[in-house]
Amino acid sequence: MLILGWLLLFEREFKYLGKHIAGGIGFISNELQWRENVDYFNSGFKPLQNLWSLGVEEQFYLLWPFLAILCWKYNKNFLKIIVSMFFISFLINIFSLYIFEKMSEAYLMTFSRLWEIIAGCFLGYITLYKEIKSNPILNNLKSISGFFLITLSLCFIDSTRFFPGFWALLPVAATYLIIDSGPKAFLNQKILANKLLVYIGLISYPIYLWHWPLLIYNKLLAKDNPSNASLVIIFIMTIILSIITYHLLEKSIKRINKKTAIYSLVPIAISLLIIGISGYKRLLKPYSSQFNLETFNAAVEDWDFPTKNLYKLKYNNSYYYESSNDKDKILFMGDSNMEQYAPRIEKILYDHPNLKKNTILFTGSGCMPIKNVKILGKTGCQEYLQDVYNFAEDPQIPTVVISGLWLGYLSKDSKAYYEKNDFKEYLNKSELAKDKMLKEFEDSIKRLVELKKSVYVVLNIPIGNEFSPTHMISRSLFNNNFSPIIKDMNKNEFLDSENGFLKKLKQAALKGGAQVIDPLDYLCNENSVCLTLFQNKPFYKDSGHLCASFVRENIKYLDFIFIKKSEILQQTF
């Protein structure tokens, strides 16, 4: 996987591969991903993402022997300890998900997943130390129930569920019941004892380790759109590599002397740790560094928020940034698509020192700036929306500018939903939810206008993989390893996407009394073509955000809010 990463990844991608190699060796991959706020079901290109479970498992193995020794030494009831830890861990899992909606923490962290492993410890303890008479009828019922629960898990658990949460009880209980039913239960004998299934079980962990990085690299080669044929090839490769890993590595390690195994594996682990750290520190560069991709690599990291002129303040439970103490205030609110404009705002204030404007950036990254729109797993958005709209009503703020990655919250992977009173539906599944949301936005704008404020709504910049620097390069293991593939976007097709949502958003803003700023009028030319390169360079950092350096020098459609229109040079492409 390291070799494939070296061959296929950009410098920034290879940097994070190195980080996760080191994290995997140190058994902290789960914590690294938690710190990166990874959404396991929508996390982009992370070849070693599946190592999170190895982190949880190994951390458990480090904790458990010490706990067992302490219980034995101080003559404590080990069974009570097991049961207590099960319920404590399960409650952490429940509170993390359902109370605080910390989905990444609940999914990845050891203390919220420990209960699943401890269920097995409980079964092992009961089997070893409690004499329970075997009942064939009861065992068959356990086995049938286990298979039934597995079927329910396959049918009902998907990325829209709060997981692990209560849903994880299904596979955990299923596994417990099947193991507890014993080898003589009918279904266990006839199905699970099948030689082919037993062999699949033997190679299951290598399958788990191999399948994810192979899928990710395949997506990279296919520009996020792999063919069915390529997926079949990946499936076959996964099986073959898993068989080789099992027979040449796992079985060999089990046969050799433990000291020999340690003396062999420790140097390998240390070597991989050094390679991982070298990659993360950019001492080791990937093959792509030879292909003059500097502008593409630079674009990916071209972000500047908060800018140097801003200082941090707190309002209720939320934080915001101000540029000065001047009384003439302009509030900029929204998500990271508002944050992207900070470099231009900084430049305007620097170039016009006599403006005496206090620019306030009160943003919530990943939060759609419309009341009662919530994001599954981001409870901070609810507090942010309440605080920012209350803040906007301050009589000392005469101007409010609202911007967002509006279409991003309607994508198929989005977890945004509109909830008010007894109504709750996801935006990407319900036209009614969109209509209610737009009416909510219109009413919020009307409220601000009634308070004698000038309100500006900035619509969507063009978004899509066409603009992402990492998607502009075709990757291959053979000829033309890193060759540019530039594809521009049609403005009209973009406007018609999501059933013309941007047009409806514009209408709602105008009805509310806001002035509308449409970036498409500036970022797309007179032929309705939205170019993906500016001066032969990418000017987006990813599929949905402009580069800070480009914004600072070229995005002028917000300038009139600060200075007279006659002073503003027209933006042309």
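A nonpolar core is a set of buried Ala, Val, Leu, Ile, Met, Phe, Trp, Tyr and Cys residues joined through side-chain atoms within 4.5 Å. Keep that in mind as you open the structure, which is a predicted model.

**Stop 1: the cores**

Select Tyr341, Trp406, Leu427, Tyr557 and Phe562. In the largest nonpolar core, which has 85 residues, these five touch the most other members. Now zoom in on Phe562 and show what surrounds this side chain. Leaving aside residues up to four places away in sequence, Phe562 touches Ile330, Phe332, Ile345, Ile348, Leu349, Leu355, Lys357 and Thr359. Another core, of 27 residues, lies apart from the largest one; to find it, select Val38, Phe86, Ala168 and Val172, which are among its members.

**Stop 2: the annotated regions**

Next, color the chain by its UniProt record. The unreviewed entry carries the annotation "transmembrane region" for residues 78-100, 106-128, 163-179, 191-209, 229-249 and 261-280. Pick two of these spans and look at their backbones. Residues 229-249 are 100% helix and 0% strand, with end C-alpha atoms 29 Å apart. For residues 163-179, the span is 65% helix and 0% strand, and the end C-alpha atoms lie 23 Å apart.

Then select residues 325-548, which the unreviewed UniProt entry annotates as "domain: SGNH". Here you will find both kinds of element: the span is 33% helix and 23% strand, and its end C-alpha atoms lie 25 Å apart.

**Stop 3**

Switch to a surface view and select Leu91, Phe95, Tyr98, Ile99, Phe100, Phe166 and Leu169. Together they make a nonpolar surface patch of about 660 Å². Which helix gives the largest share of the nonpolar patch? Helix H5 (residues 78-99) does, with 4 residues. Phe100 lies in the loop between H5 and helix H6 (103-108). With a relative accessible area of 46%, Phe100 is partly exposed.

**Stop 4: salt bridges**

Side chains of opposite charge can pair when their charged atoms come close.

- Select Glu36 and Lys46. They form a salt bridge whose closest N and O atoms are 3.2 Å apart. Both residues lie in the loop between helix H3 (29-35) and helix H4 (52-73), so the pair ties together parts that are 10 residues apart in sequence. Glu36 is partly exposed, at 22% relative accessible area.
- Select Glu553 and Lys347. Their side chains meet in a salt bridge, 3.9 Å from N to O. Glu553 is in helix H22 (residues 548-554) and Lys347 is in helix H17 (residues 342-351), so this pair ties together parts that are 206 residues apart in sequence. Glu553 is partly exposed with a relative accessible area of 41%, and Lys347 is partly exposed at 22%.
- Select Glu431 and Lys434. The N to O distance in this salt bridge is 3.1 Å. Both residues sit in helix H19 (residues 431-450), 3 residues apart, which is about one turn of the helix.

**Stop 5: backbone details**

Stay with Glu498 for a moment and turn to the backbone. Its phi is near 55°, a positive value in a residue other than glycine. Glu498 is placed in helix H20 (residues 491-512) and is partly exposed, with a relative accessible area of 33%.

Lys356 also has a positive phi, about 55°, although it is not a glycine. Look for Lys356 in the loop between H17 and strand S4 (358-363). This lysine is exposed, with a relative accessible area of 53%.

Finish with two peptide bonds. Where in the chain is the cis bond with omega of about 10°? Select Phe163 and Pro164, which this cis peptide bond joins. Pro164 lies in the loop between helix H8 (136-156) and helix H9 (169-181). Then select Phe305 and Pro306: the peptide bond between them is cis, with omega near -5°. You will find Pro306 in the loop between helix H15 (294-300) and strand S1 (311-315).

Definitions and conventions. Residues are numbered from 1 along each chain as its sequence is written. This is a predicted model: local features need pLDDT of at least 70, side-chain atom pairs count only at pLDDT 80 or more; totals for chains, interfaces and linings use all residues. Side-chain values use heavy atoms; hydrogens and water are left out. Buried means under 20% relative accessible area, exposed over 50%, partly exposed in between (1.4 Å probe, protein chains only). Contact means heavy atoms within 4.5 Å. A salt bridge is a side-chain nitrogen of Lys or Arg within 4 Å of a carboxyl oxygen of Asp or Glu. Helices (H or I, at least four residues) and strands (E, at least two) are DSSP runs, numbered from the N terminus. Patches are made of residues with over 30% relative accessible area and no salt bridge: like charges are joined within 9 Å, nonpolar side chains (Val, Leu, Ile, Met, Phe, Trp, Tyr) within 5 Å. Accessible areas come from the Shrake-Rupley method with a 1.4 Å probe; for residues, only the protein chains shown count as cover. UniProt positions are given in the numbering used here, feature names are shortened, and annotations may be inferred rather than shown by experiment.
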